[in-house]
Amino acid sequence: HVPVVRVLAVLADQVRSDAAGPEEMRQGHHVLVLGRRGNGPEAQILARDRTHELGMTVPAYKGYVTDYANVLSPQTLAQLTSLSSQLEQRTHIQVVTLVLPSIEDEPIESVANLVFNQWGIGDKKENRGVLLIFALKEKKLRLEVGYGIESTLTDGTCGKIRDTIILPYLKANDIEAGIANGHTAIVQFIAHANNVSLTNAPTVT
């Protein structure tokens, strides 16, 4: 069962951030790093170069929601996958979530960048993709946003989703609810911003 997500009205107003570069925000032991990444030729070359710097293998893509930590129920996986599938069909925007038991103390920025580019999230020309990645052992998460959607999913909006939707569940050790709510909120916000409706998705108010 995917917990009901309540997206605050402030999200619908698309909170803006004037910061030009990545912003790291900490609360408790959970870290959110907001990244702006492309998946064009230059970014892919950079990703390949950084592969040699990591002590871990980039995980294989298994779908819109790839859970290597086995914390999501089959029903939750199916529901989140359905939401992302509907969103891509109606907006051509991809939202992908990756859950890892550990990133082996590697920088989550590097891992997320490699995954984003090697998985080819978002159209290569329009670069309209989002990756939400969780590293459970390290208690870190990162939201990687393609250039083609950064005007919609701003740092301010990402921070609101993190603070009001994801972190409360993680702090309560309800990992599945935190992941499910985060993924659903991102999909829901993008759908609302593009004036499309999704079946069995909460309504932005």
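A residue is called buried here when its relative accessible area is under 20%, exposed when that area is over 50%, and partly exposed in between (1.4 Å probe, protein chains only). By this criterion, 53% of the 205 residues in the protein chain are buried. The model is a predicted one, in which local features need pLDDT of at least 70 and side-chain atom pairs count only at pLDDT 80 or more, while totals for chains, interfaces and linings use all residues. Residues are numbered from 1 along each chain as its sequence is written, and side-chain values use heavy atoms, with hydrogens and water left out.

The protein chain holds six helices and six strands, taken as DSSP runs numbered from the N terminus (helices H or I, at least four residues; strands E, at least two). Their order from the N terminus is α-β-β-α-β-α-β-α-β-β-α-α. Among contacts (heavy atoms within 4.5 Å) with a separation of 6 or more, 75% join residues 24 or more positions apart.

Seven of its seven residues are buried, so β5 is largely enclosed by the rest of the structure. G129, L131, I133 and A135 point one way from the strand, and V130, L132 and F134 point the other way. On one hand, β5 runs parallel to β4, to which seven bridges join it; strands count as paired if DSSP finds at least two bridges between them. Here T97 stands opposite L132. The chain passes from β4 through α4 to β5 in a right-handed β-α-β crossover, meaning that the path from the first strand over the helix to the second runs clockwise with the strands pointing away from the viewer. On the other hand, β5 pairs with β6 in the antiparallel sense over six bridges, with V145 in β6 as the bridge partner of V130. Four residues lie between the strands of this hairpin, where K139 takes a positive phi near 55°.

The largest nonpolar core has 48 residues, and L131, L153 and I186 touch the most other members. Such a core is a set of buried Ala, Val, Leu, Ile, Met, Phe, Trp, Tyr and Cys residues joined through side-chain atoms within 4.5 Å. The helix α6 gives the most to this core, with eight residues. Beyond four places in sequence, the residues that L131 touches include V96, L98, A112, F116 and L143.

Finally, P101 lies in the loop between β4 (94-100) and α4 (108-118). P101 is partly exposed, with a relative accessible area of 44%. Its contacts outside four places in sequence are Y68, A69, L136, K137 and E138.
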